[in-house]
Amino acid sequence: MKNAHSTAATITVPAPSGGVVAGVPFILGTILAIPVTSAAEGVPVAVQIEGAFTLPKLSSAVIPAGAKVHWDVSAGEVIVASTATGDLESFGIAIEAAGNGTTTVAVKLIPGLGTVKSAG
């Protein structure tokens, strides 16, 4: 197909304010982006926006398989309730259960599903 661009599972974007660290997610519009490499602010960096990833989670959160999950931007972890202004809500789906006391959860990223919580 002449107009095919890419599968878009990985895209290249300028690193946001403060730069990025490889593997540490950040919010890109309404998408959770996971940098492939570290990069300084403004430097082009490849980020994964599709796929399944093991992400840090709030240790007390109980997440059933199939649940929509949210990204707590201030803590840098997956949560399922009590989002705050700036958090990315419903960015993906837990593909495994993760109970109280666990610190990670496997999540399928779903670009375009998330919304950034606004103030008020």
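Colleague: Where does Lys68 lie?

Modeller: Lys68 lies in strand E6. Strands here are DSSP runs of E, at least two residues long, and helices are runs of H or I of at least four, both numbered from the N terminus. One caveat: the model is predicted, so local features need pLDDT of at least 70 and side-chain atom pairs count only at pLDDT 80 or more, while totals for chains, interfaces and linings use all residues. Residues are numbered from 1 along each chain as its sequence is written, and side-chain values use heavy atoms, with hydrogens and water left out.

Colleague: Which residues does Lys68 touch?

Modeller: Leaving out residues up to four places away in sequence, Lys68 touches Val80, Ser90, Gly92 and Ile93. Contact means heavy atoms within 4.5 Å.

Colleague: How far apart are Lys68 and Ser90, in sequence and in space?

Modeller: They are 22 residues apart in sequence. In space, Lys68 and Ser90 are 5.3 Å apart, C-alpha to C-alpha.

Colleague: What about the phi of Ser82?

Modeller: Ser82 also has a positive phi of about 55°, and it is not a glycine either. The setting is a loop, between strand E7 (77–79) and E8. Ser82 counts as exposed, because its relative accessibility is 72%.

Colleague: Next one. Where is Ala65 found?

Modeller: In the loop between strand E5 (51–56) and E6. Ala65 has a relative accessible area of 52%, so it is exposed.

Colleague: Which residues does Ala65 touch?

Modeller: Ala94, Ile95, Glu96 and Ala97, again not counting residues up to four places away in sequence. Ala65 and Ile95 are 30 residues apart in sequence, yet their C-alpha atoms are 5.2 Å apart.

Colleague: Switching to aromatics. How many aromatic pairs does the structure hold?

Modeller: One. It is edge-to-face, because the rings of Trp71 and Phe91 have their centres 6.4 Å apart and their planes at 85°. Rings of Phe, Tyr and Trp (its six-membered ring) pair if their centres lie within 6.5 Å; planes under 30 degrees apart are stacked, over 60 edge-to-face, and the rest tilted.

Colleague: Which parts of the chain does the pair link?

Modeller: Distant ones: Trp71 is in strand E6 (residues 68–72) and Phe91 in strand E8 (residues 88–94), 20 residues apart. Both Trp71 and Phe91 are buried.

Colleague: Sheets now. What is the order of strands in the open sheet?

Modeller: The order is E1-E4-E3-E2, four strands with antiparallel pairing. Strand E1 (10–14) and strand E2 (26–28) are the edges, each pairing on one side only. Two strands pair if DSSP finds at least two bridges between them.

Colleague: How many bridges join E1 and E4?

Modeller: Five, in the antiparallel sense. Ile11 stands opposite Val47 in E4.

Colleague: And how many between E3 and E4?

Modeller: Two bridges, also antiparallel, between strand E3 (residues 31–35) and strand E4 (residues 44–48). Ile34 has Gln48 in E4 as its bridge partner.

Colleague: Which side chains of E4 point to which face?

Modeller: They alternate. Val45 and Val47 point to one face and are buried.

Colleague: Zooming out. How many helices and strands does the chain have?

Modeller: Zero helices and ten strands. The radius of gyration is 14 Å, close to the 14 Å from the globule rule for 120 residues, so the chain is as compact as a globular protein of that length. That radius is taken over C-alpha atoms, and the rule is 2.2 Å times the number of residues to the power 0.38.

Colleague: What share of the residues counts as buried?

Modeller: 34% of the 120 residues. Along its principal axes, the C-alpha trace spans about 45 × 35 × 30 Å.

How values were computed. Buried means under 20% relative accessible area, exposed over 50%, partly exposed in between (1.4 Å probe, protein chains only).
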